[in-house]
Amino acid sequence: MSRYRLSPGPAQEAVLRDHCGHARYLWNLAVEQHSHWHPGRTSAPGYLDQCRQLTAARAGHPWLAAGSQTVRQQALRDFTEAMAAFFDPAHPARRPSWRKAGRNEGFRITGRGRQWDVRRVSRHVGEVWVPKAGWVRFRWSRTVPPDAKSYRVTRDRAGRWHVAFAVIPAPVPAPGNGQTVGIDRGVAVSAALSTGQLLHCPALTARERTRLRRLQRKLARATRGSNRRSRVKGAIARLKARETDRRKDWAEQTSTDLARRFDLIRVENLQITNMIRSAKGTRENPGRNIRQKAGLNRGILRSAVTARGGDGVTRPVNREPQLLLHSV
């Protein structure tokens with residue numbers, strides 16, 4: 001997945017927002033349709049039935065007819081693929097769930113050459129064709145993969161737009177030196193290598209953490225639904241997005257470096273999901289040291305440790321760098 005920073009204009013951003021809203025609306029409708037099914041009832045409508053229902057709904061609702069048919073049909077197609085993956089025993093996927101406004105903002109476009117295309121305008125600027133929005137500019141930070149068949153446009157909580165072209169990255173070639181390394185993950189030290197090297201995941205600076213605490217206190221005093229609260233939430237989201245970008249960049253660079261240096265990598269088996277569970281307990285059996293445990297959980301997540309830990313088995317290293325270390 002090759003992701004780029006998208007720079008839509010004001011009119012184009014309004015179109016992108018509509019696309020995200022329509023894709024999320026149809027996805028949630030499909031989730032609601034399948035949630036009513038249980039053994040003994042007739043099966044929930046499939047993709048073709050949902051497309052016919054969408055055509056009838058477009059005829060009766062002008063706001064639905066004004067959008068892009070390509071975006072809506074692709075949202076239904078994505079839901080169908082997600083349900084097929086959920087019922088596939090060889091594919092450990094979760095059941096498709098509800099998508100929330102402001103958190104799950106995005107849509108996908110397929111069919112390069114027919115529905116979309118990409119071109120380079122200058123050294124650092126490229127353009128991608130989006131239905132109903134036309135050519136939208138993005139930062140050409142690296143070459144767009146020529147074999148990309150689809151792309152996804154997303155908007156994060158900080159208000160930034162991105163376009164990601166779906167393509168399987170080329171594997172990192174093995175060094176062939178026969179070297180082996182073990183990785184011990186922790187909180188104070190994000191990753192300690194058996195070679196003696198200590199790796200620390202970057203985080204917010206002391207000044208940024210102070211500003212974050214000040215903004216969180218201001219958010220607690222703001223009235224729900226007010227413009228002041230939305231501005232403060234946006235400022236907090238931008239700070240947290242900065243921390244996430246640093247953590248992800250560190251994880252990607254570290255994993256690529258390890259894949260290029262070692263033929264064999266051994267990672268300890270950490271059950272991260274169990275480690276970061278809350279200590280609140282229940283009303284009958286309340287927990288202890290809840291605030292301390294919450295701080296420890298934040299430290300674990302801040303160390304770029306994921307719930308997909310290693311299984312402790314020594315095996316040849318996976319040469320795809322993004323699968324070695326993941327950021328949370």
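## Briefing: cavity, pocket, cores and strand pairing

β4 and β5 form a hairpin with 3 residues between them, and K132 in that turn has a positive phi of about 70°. The model is predicted. Its protein chain contains 8 helices and 12 strands, and 37% of the 328 residues count as buried. The C-alpha trace spans about 65 × 55 × 50 Å along its principal axes. Among contacts with a separation of 6 or more, 62% are between residues 24 or more positions apart.

**Strand pairing**

- R120 has G126 in β4 as its bridge partner.
- β3 and β4 are joined by a hairpin of 4 residues.
- β2 and β6 run antiparallel and are joined by 6 bridges.
- T110 faces S150 of β6 across this pairing, standing opposite it.
- β2 is mostly covered, with 5 of its 6 residues buried.

**Nonpolar cores**

- The largest nonpolar core has 24 residues, and L6, F107, V128, F138, Y151 and F165 touch the most other members.
- The elements that give two or more residues to this core are the strands β1 (2–7), β2, β4 (125–130), β5 (134–139), β6 and β7 (161–165), together with α1 and α4.
- Apart from this core lies another, of 12 residues, with L193, F262, I265 and V267 among them.
- Y151 is one of the residues that touch the most other members of the largest core. Beyond its neighbours within four places in sequence, Y151 is in contact with F107, R108, I109, W116, V128, W129, V130, P131, V163, A164 and F165.

**Largest cavity**

- The structure holds 2 cavities of 30 Å³ or more, and the largest has a volume of about 70 Å³.
- α1 (10–35), α4 (69–87) and β2 (105–110) are the elements that give two or more residues to the lining of the largest cavity.
- The largest share of that lining, 4 residues, comes from α4.
- The lining residues are A23, W27, V71, Q74, A75, D78, R99, G106, F107, R108 and R152.
- By class, the lining of the largest cavity has 5 nonpolar, 2 polar and 4 charged residues.
- F107 belongs to this lining and is also among the residues with the most contacts to other members of the largest nonpolar core.
- A75, another lining residue, is in helix α4.
- A75 counts as buried because its relative accessibility is 8%, under the 20% limit.
- Leaving aside neighbours within four places in sequence, A75 is in contact with A23 and W27, and both of these residues line the largest cavity.
- A75 and A23 are 52 residues apart in sequence, yet their C-alpha atoms are 5.4 Å apart in space.

**Largest pocket**

- The largest pocket holds about 1,800 Å³ of space.
- It is lined by 41 residues, of which R157, A237, K240, A241 and T244 are the closest to its centre.
- At least two lining residues each come from β2, β6 (150–155), α5 (206–221), α6 (227–261) and α8 (290–302).
- α6 gives the most to the lining of this pocket, with 12 residues.
- The lining of the largest pocket divides into 10 nonpolar, 11 polar and 20 charged residues.
- β2 supplies at least two residues to the lining of this pocket, and two or more to the lining of the largest cavity.
- A241, one of the residues closest to the centre of the pocket, is in helix α6.
- A241 is buried because its relative accessible area is 12%, under the 20% limit.
- Not counting residues up to four places away in sequence, A241 touches A158 and R160.
- A241 and P62 are 179 residues apart in sequence and 37 Å apart in space, C-alpha to C-alpha.

Conventions:
Residues are numbered from 1 along each chain as its sequence is written. This is a predicted model: local features need pLDDT of at least 70, side-chain atom pairs count only at pLDDT 80 or more; totals for chains, interfaces and linings use all residues. Side-chain values use heavy atoms; hydrogens and water are left out. On a 1 Å grid over the protein atoms alone, a cavity is a set of points where a 1.4 Å probe fits but cannot get out, and a pocket is an open set with protein on both sides within 12 Å along at least five of seven lines; lining residues have an atom within 4 Å of a point. Grid points are joined across faces, edges and corners, and a volume is the space filled by probe spheres set on the points. Ala, Val, Leu, Ile, Met, Phe, Trp, Tyr, Cys and Pro count as nonpolar, Asp, Glu, Lys and Arg as charged, and the others, Gly among them, as polar. A nonpolar core is a set of buried Ala, Val, Leu, Ile, Met, Phe, Trp, Tyr and Cys residues joined through side-chain atoms within 4.5 Å. Buried means under 20% relative accessible area, exposed over 50%, partly exposed in between (1.4 Å probe, protein chains only). Contact means heavy atoms within 4.5 Å. Two strands pair if DSSP finds at least two bridges between them.
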